[in-house]
Structure formats: structure tokens, C-alpha cells
Amino acid sequence: MERLGADRWVLRLRRELFASRTDGVITLVLVGLLLGLGGAFLRWALFQADWAVVQVNSTLFAVGRYPLDQQWRLWLLTSLLAAATGLSWGVLRGRDWPPNDRIAAVLLGGLALLVPLFLQLSFALQARWWAIALLLLGVRWAAGRWGNPLPPPWRRGLPLLWPVLYLVGMVLISGGLGLMPVRPSDWGGLLMTLVQSTFAILLCFPLGLALALGRRSELPLLRWGSVIYIEFIRGAPLITLLFLGQNILGFLLPGGLAPDRVWRAAWVLTFFAAAYVAEAVRSGLAAVPRGQMEAARALGLPVPQALIHVVLPQALRVALPATVGQFITLLQDTTLLSLIGLLDLLGVARTVMANPAFLGKNAEVYLLLAVLFWCCCAALGLGSRALETRLNPNTLSAARA
Amino acid sequence: MTNPSSTASGALMIEARGVEKWYPNGFQALRGVDLTVSQGEVVVIMGPSGSGKSTFIRTFNALEDFQKGSIVVDGIALSNDVRNIDAVRREVGMVFQQFNLFPHLTVLENLTLAPVLVRKRPKAEVERRARQLLERVGIHEQAEKYPGQLSGGQQQRVAIARSLSMEPRILLFDEPTSSLDPEMVQEVLAVMQELARDGMTMVVVTHEVRFARQVADRVVLMADGQVVEEAPPEQFFTNPQHERSKQFLSQIA
């Protein structure tokens with residue numbers, strides 16, 4: 001069986017890469033190019049690059065100037081997130097570990113072992129990362145073993161875990177409820193980027209949904225209000241809005257909501273993304289045939305129920321890829337915050353590169369940023385694809401049949 | 001208030017008087033249409049496309065509004081009062097040309113959605129009744145499937161069962177077989193015929209002459225937003241009185 005597989009592999013390689021002389025030439029040229037570039041990159045990364053700039057500043061990149069004696073709160077939050085991820089993952093998949101799950105588990109374990117090692121963290125910190133990875137995979141295993149199928153009330157409650165965890169996380173990060181407050185201006189790096197983007201992602205969705213529905217409303221004031229909002233926001237560059245927001249949001253929002261620059265920026269990101277999400281949702285709504293609403297209304301459903309149970313489930317499924325694309329853009333747009341003086345990942349990177357001790361180490365720093373952003377965006381993309389498969393009635397029933 | 005041409009006796013279920021409708025672009029779709037339907041009666045509306053017949057029956061459950069005239073459905077006057085509209089829609093079921101099943105819900109969920117949400121019935125009871133209805137239209141084995149996995153004829157039968165799930169007193173059919181493959185028309189007509197036999201009040205827009213002959217108590221011919229002729233099927237098909245009717249019958253024969 002193994003040898004047969006190997007033979008097939010050779011045949012397949014020949015068919016796909018060397019089917020004709022032209023194919024062969026293209027293959028050889030591309031392989032040469034890839035080897036050359038990859039080799040050059042590896043030579044640089046392994047022998048020329050000086051990773052000290054990352055190793056020394058790893059805490060700064062991760063959390064900015066978050067007070068050292070309060071960082072246990074972030075470790076706790078990371079552990080909670082790992083446990084919640086493992087729980088959801090396990091409940092969804094059950095006892096099976098399909099190939100994708102096995103790859104994910106190996107990748108996770110590998111990263112937890114290698115990245116702290118590469119960063120030359122102290123043994124205590126390295127051990128924490130191992131523990132967190134172990135926690136995630138352990139909970140995944142346990143939840144799959146005993147948590148599937150989950151009794152219905154629990155299964156329905158499980159998605160609620162995430163918003164609750166988000167609130168807990170915000171308290172852990174910013175303090176209050178007996179915890180020492182940590183001012184937003186002391187957050188930084190990846191922490192700042194993630195807080196800003198998750199805040200905006202969570203809030204821009206309901207706002208965008210409301211705008212999309214408003215734009216299709218029969219009430220002229222609502223419709224024109226939504227149109228003007230959406231078109232104004234989409235017509236202005238984010239950076240302009242960020243500067244504008246720093247100056248006017250203080251007056252526009254009730255005092256407690258945007259007390260400082262960090263929260264004002266978060267609101268601007270939210271309002272900005274909402275206009276684009278609204279357009280994505282609108283395209284989804286347009287894809288649902290008129291007959292769906294008519295059938296629901298003919299059955300006696302009032303408009304809100306017809307929307308919630310009939311139209312929106314179909315519209316949002318269509319709008320999902322575009323919406324997630326918008327979330328990914330939003331995540332990358334957080335780098336603009338560095339231009340208004342906030343210490344997001346790029347902001348931290350700029351202060352590090354401005355330090356005379358790390359002069360000329362730009363390549364290393366930018367590569368780190370690229371990898372970090374790629375990881376976050378890839379996670380979002382994977383999540384959305386999983387959700388899409390789950391929401392598609394055709395794949396659903398295929399799985400059931 | 002008796003209708004001389006009605007063969008069924010009973011209370012008046014639909015009474016439309018002088019209904020006129022203009023579309024926003026100024027086109028007048030209905031030019032003063034009258035129709036009465038008694039309880040247990042089956043009325044078939046025929047007519048060339050663009051004659052306003054679909055628009056007319058869609059006014060009965062307020063999917064289309066109208067500007068002049070009056071419509072009383074099961075004792076409830078249709079007006080702009082939203083509560084009246086919701087009350088009427090609970091009593092009037094509708095079957096569409098394009099089925100309009102909810103593709104993201106299973107067949108069973110298509111049937112249970114409205115009774116649970118609107119009538120607030122307990123879910124177990126609604127499901128039991130839904131399965132009975134599916135059995136009645138002959139598709140109880142497909143209850144857990146999604147509409148996309150069924151044939152057109154099966155989908156339309158599910159749609160009929162879905163409209164029955166709200167226990168309506170009147171069923172409206174808007175060209176229920178027009179988008180079906182020919183071999184599936186009969187299975188849908190058979191279900192409709194059975195409903196008529198059970199005494200359901202039905203208004204059917206269709207081109208199926210055989211169905212009209214066998215099942216209808218009355219046939220109404222509409223053209224250009226008006227009722228041209230109204231007669232029992234035998235008389236309508238063998239001895240039409242109006243020139244427009246003769247012309248229409250010669251076209252569909």
C-alpha cells in the first residue's frame with residue numbers, strides 16, 4: 001500500500017509538473033526561482049539577521065508598557081481564552097480528530113515549543129506557554145470526549161461564553177472591580193491591536209446590520225440617514241476620520257464612552273467598519289428573493305420575525321465572506337493608529353526602530369509584524385470558512401445523510 | 001348578499017367590491033374588480049398574462065395594496081390598519097408559483113416556524129400536526145430534508161402543507177403549477193383536488209383547464225384588470241358568452 005502510494009505520487013508529479021516540454025521548462029524555472037529566493041531568505045534569516053531586536057523587546061511587542069506587576073492578568077486572560085477555544089473546538093468536533101484538527105494540534109504544540117525558545121524567554125515564561133498550549137489541547141480532548149453531544153440548554157448557551165469572556169477580558173485588561181486600573185495609554189503592541197480590532201469587529205457588525213436594514217427601509221428619514229452615513233464614511237480616508245475623531249468624538253459621544261484617545265480611536269474604527277459591513281449585508285439582503293419575505297408575511301409573521309427567522313439567516317450567509325474580508329481589512333487598518341500616536345504593533349515597532357541600540361534592524365521588525373498580522377488574519381479566514389460550511393444547508397444535509 | 005352563480009352554500013368568505021389599483025408608475029393594474037367567494041367554494045381565475053389576476057388575489061392577504069374599492073375577508077375589512085392585516089394573514093394561506101420555501105430550514109421546520117412563532121403553540125404539538133400534514137400531501141419521508149433536495153412537485157406539496165399548518169380558512173393559489181415540469185403537475189393538482197373535496201375555500205389562479213373543469217365551482221376570466229366573464233366551468237368552457245372569453249379559450253386550447 002505504501003509503495004503503491006509512492007508510485008502514484010511519482011506518476012502524479014510527472015502528470016502535473018512535466019506533462020509536456022513547456023510544462024517541464026516552466027516547472028524548472030519556477031523551482032529554481034523558489035529555491036534561489038528561499039535560500040537567500042533563509043541565509044539572511046539564519047546568519048545575517050540579528051534577532052536580538054525581537055528577543056529583547058518581545059514583551060514590548062506583546063503588551064507595550066503594561067505594568068510588569070499586573071501582567072499576571074494578561075496571562076490569566078490568555079489561559080481563559082485557550083480554555084474557551086479548546087472547549088468550543090471539542091464540543092464542535094467530538095471525539096474525532098480529523099486531519100485538519102491533527103495538523104492544527106501539531107502546529108500549536110510546535111509553536112508553543114519553538115517560539116518561546118526562539119525568543120529566548122526565561123524558562124519560567126517558556127513553561128507558561130507550554131502550559132497554555134497544553135491547556136487548550138487538553139480541554140479540546142476532554143470536551144470532545146465528554147462534551148459531545150452536549151445537552152441542548154448547554155449547547156445553546158455555549159456561544160454566550162464568548163461575549164461573557166470578552167467582558168471579563170476587558171475588565172482584566174483595564175482594571176476595575178477591585179483590580180488596579182491600567183490606563184489605556186499604557187497598553188500597547190499586540191494587546192492594543194487586538195483590543196482595538198476586536199472591539200470594532202464586535203460593535204461594527206450590529207451597527208452595520210442596522211444601517212443595511214435602514215438603507216432598505218420605507219421610512220425616508222431612516223433610509224436617507226443611512227445612505228448619507230454610509231456614503232460619507234466610505235468617501236473619506238480612515239486616517240482623516242481618525243484625526244477628526246480625536247478632535248470631535250469627545251463632544252459627540254456621551255462623556256464616559258470616549259474618555260481618551262484610545263477609546264476615541266476604537267469608536268472611529270467601529271463607525272468606519274460599520275459602513276462597509278452595511279454594504280456587505282446589503283448585498284446579502286439583495287440576494288434573498290422577494291418571495292421569501294412575502295411567504296413569511298403570508299404565513300402571518302410580523303416583519304421583525306420574518307427578518308430574524310427567514311431573511312437574515314439567508315442574507316448573512318451570503319454576506320459572510322465579504323464581512324469577514326472587512327474584518328480582516330479592519331485588523332490591518334489598526335496600523336494607522338500609530339500615525340495618531342497610539343502604540344499599536346506598528347507604533348511599538350516604530351519606537352523600537354527609533355532606539356539607537358537597534359539602528360538598522362528594520363527588516364527584522366517588519367518581518368515580525370508581517371508574520372503576526374498574517375497569523376491573526378489567517379485565523380479569521382479559517383474561522384469564517386468553517387462557519388460558512390456550517391451554515392450552508394447543502395453541506396449540512398450532506399453531513400447528515 | 002347571495003351570489004346567484006355560487007353552487008356552494010355558506011357564509012361569505014371573500015367580498016371584493018370595485019377594487020382598483022395603480023402601480024407607482026401610473027399603470028392601472030385593476031380597474032374595478034368584483035368577486036365574492038363563499039365558504040367551501042373553489043373559484044378558478046383564468047386570463048392572459050398581465051390581466052391582473054395574480055395582483056388581484058394578492059390583494060386578499062395584503063401582499064398588494066389597492067387604492068379604491070373594498071375587500072372584506074372572513075368578516076375583516078382590509079385597510080391600512082396593520083393589526084387587521086396580520087389578522088387576515090393568519091386566516092388566509094397562500095401558495096406561490098415559485099414555492100418560496102425557506103431554503104435554510106428543513107421541510108419540517110418550514111411547517112413549524114409560523115405556528116410556533118405566530119400562534120404560540122407548543123412545539124411538540126405543532127410538530128406532530130406538521131407530520132400529519134406532510135403525510136396528507138404524501139411526503140412525510142422527506143421531513144428532515146432541505147427544500148433544495150426535493151423535486152419541484154414535492155416542494156410545491158410542502159408549500160401547500162406549510163400554508164395548511166396555520167389552519168387557514170381560505171387558501172389562495174397563485175399559478176401553483178406554472179413553474180413545474182409537466183410530469184409533476186398532476187401530483188400537485190391531486191393534492192389540491194383533495195383539499196377542495198375536504199371543503200377548503202380556495203381561490204386558484206391557473207391555466208389548468210382540466211383542474212378548472214373537474215374541481216371549480218366557478219370560473220372567472222380576467223382581462224386588462226377587469227372581470228370579463230364569470231360562470232360555472234361547464235358553461236364557461238362549452239358556451240362562453242363574451243368574445244374575449246372565446247378568444248382566450250381558443251388560445252389555450
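Residues are counted from 1 along each chain as its sequence is written, and chains get letters from A (ligands get numbers from 1) in the order in which they are written. In this predicted model, local features need pLDDT of at least 70 and side-chain atom pairs count only at pLDDT 80 or more, while totals for chains, interfaces and linings use all residues.

**View 1. Chain A as a whole, with 18 helices and zero strands.** Helices here are DSSP runs of H or I with at least four residues, strands are runs of E with at least two, and both are numbered from the N terminus. Out of 401 residues in chain A, 26% count as buried (20 or more other C-beta atoms within 10 Å of a residue's own, with C-beta atoms placed from the backbone). Take the contacts between residues at least 6 apart in sequence: 74% of them join residues at least 24 apart. Being in contact simply means that two C-beta atoms, placed from the backbone, lie within 7 Å.

**View 2. Where domain 2 of chain A touches domain 3 of chain A.** Domain 2 puts four residues into the contact and domain 3 puts in five. On the domain 2 side, four residues are nonpolar, with no polar and no charged ones. Nonpolar covers Ala, Val, Leu, Ile, Met, Phe, Trp, Tyr, Cys and Pro; charged covers Asp, Glu, Lys and Arg; the others, Gly among them, are polar.

**View 3. Helix α10 (residues 189–215) of chain A packed on helix α13 (residues 261–287) of chain A.** The axes, lines fitted to C-alpha atoms over the stretch in contact, sit 6 Å apart at an angle of about 45° (angles run from 0 to 180 degrees between N-to-C directions). That is why α10(A) is called oblique to α13(A): under 35 degrees would be roughly parallel, over 145 roughly antiparallel, 65 to 115 roughly perpendicular, and the rest is oblique. Among the residues making the contact are F199(A) and L203(A) of α10(A), and L269(A) and V277(A) of α13(A). Altogether the contact residues divide into 19 nonpolar, three polar and two charged.

**View 4. Chain B meets chain A.** Chain B brings 21 residues to this contact and chain A brings 18. On the chain B side, α2 (82–91) and α3 (107–117) are the elements giving two or more residues. That side of chain B has 11 nonpolar, six polar and four charged residues.

Notes
A residue is buried if 20 or more other C-beta atoms lie within 10 Å of its own, exposed if 12 or fewer, and partly exposed in between; C-beta atoms are placed from the backbone.
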